[in-house]
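Q: Please take a close look at one part of this structure. I would like to follow its packing and then its surroundings.

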Amino acid sequence: MAQRVSAGLSKAEGRKFGLTLGIAFLVFGGLFWWRHHETVAMVAGGIGGVMLAAGIAIPTKLGPVERAWMGMAHAISKVTTPIVMGIVYYVVVAPIGLVMRLLGRNPVVHAPRDGSYWVDRGNTASGDMRRQF
């Protein structure tokens, strides 16, 4: 499942993390500035600038920052994933099931053919069963 992120990063990994996060924060800072939220724009822009500079100057030292960032992302996903899956279920899956039932369709229940529920698929085996995949 979830793996621990090591505190040490290679130059390429640290540079990628620092530049990506720095650019993202600068974009958000620009959006906040455009929406006239100057204080938030300055904070986001400052974080973005620091991350860009760190990604260029000291990319191998960004391991603890990445580890904290991924820990925060994991904690947020523990909350948001059940919410998103619940919304998908109640907005997409349940209404489709209700409409199918109203129309009299149930894909789970099959009518028996020739007095049996068995579905004859014919001989689809291409050989022995030793190497299935």
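A: A crossing is left-handed if the near helix is turned anticlockwise from the far one by less than a right angle, and right-handed if clockwise. The model is predicted, so local features need pLDDT of at least 70 and side-chain atom pairs pLDDT 80 or more, while totals for chains, interfaces and linings use all residues. Residues are numbered from 1 along each chain as its sequence is written, and side-chain values use heavy atoms, without hydrogens or water.

The part to look at is helix H1, residues 11-34. The chain has three helices and zero strands (DSSP runs, H or I of at least four residues for helices, E of at least two for strands, numbered from the N terminus). From the N terminus on, the order of elements is α-α-α.

Start with H1 and H3, where H3 covers residues 63-102. Their axes (lines fitted to C-alpha atoms over the stretch in contact, with angles from 0 to 180 degrees between N-to-C directions) come within 11 Å and cross at roughly 60°. That makes H1 oblique to H3 (under 35 degrees is roughly parallel, over 145 roughly antiparallel, 65 to 115 roughly perpendicular, the rest oblique). The crossing of H1 past H3 is left-handed. On the H1 side, the contact (heavy atoms within 4.5 Å) is made by Phe17, Leu21 and Phe25. On the H3 side, Val65, Glu66 and Trp69 take part. By class, the residues of this contact are five nonpolar, no polar and one charged (Ala, Val, Leu, Ile, Met, Phe, Trp, Tyr, Cys and Pro are nonpolar; Asp, Glu, Lys and Arg charged; the others, Gly among them, polar).

Now turn to H2, residues 38-57. H1 and H2 pack at an angle of about 160°, and their axes are 7 Å apart. That makes H1 roughly antiparallel to H2. This crossing is left-handed. The residues of the contact of H1 with H2 divide into 16 nonpolar, eight polar and one charged.

Phe17 and Leu21 return in the largest nonpolar core (buried Ala, Val, Leu, Ile, Met, Phe, Trp, Tyr and Cys residues joined through side-chain atoms within 4.5 Å). Beyond its neighbours within four places in sequence, Leu62 is in contact with Leu9, Gly14, Phe17, Gly18, Met51, Ala54 and Gly55.

What share of the 133 residues in the chain is buried? Buried residues make up 13% (buried is under 20% relative accessible area, exposed over 50%, partly exposed in between, with a 1.4 Å probe and protein chains only). Of contacts between residues at least 6 apart in sequence, 64% join residues at least 24 apart.

The loop between H1 and H2 holds His36. This histidine is not a glycine, yet has a positive phi of about 65°. His36 is exposed, at a relative accessible area of 62%. Asp114, in the segment after H3, has a positive phi of about 55° and is not a glycine either. Asp114 is exposed, with a relative accessible area of 83%. Most residues other than glycine have a negative phi.
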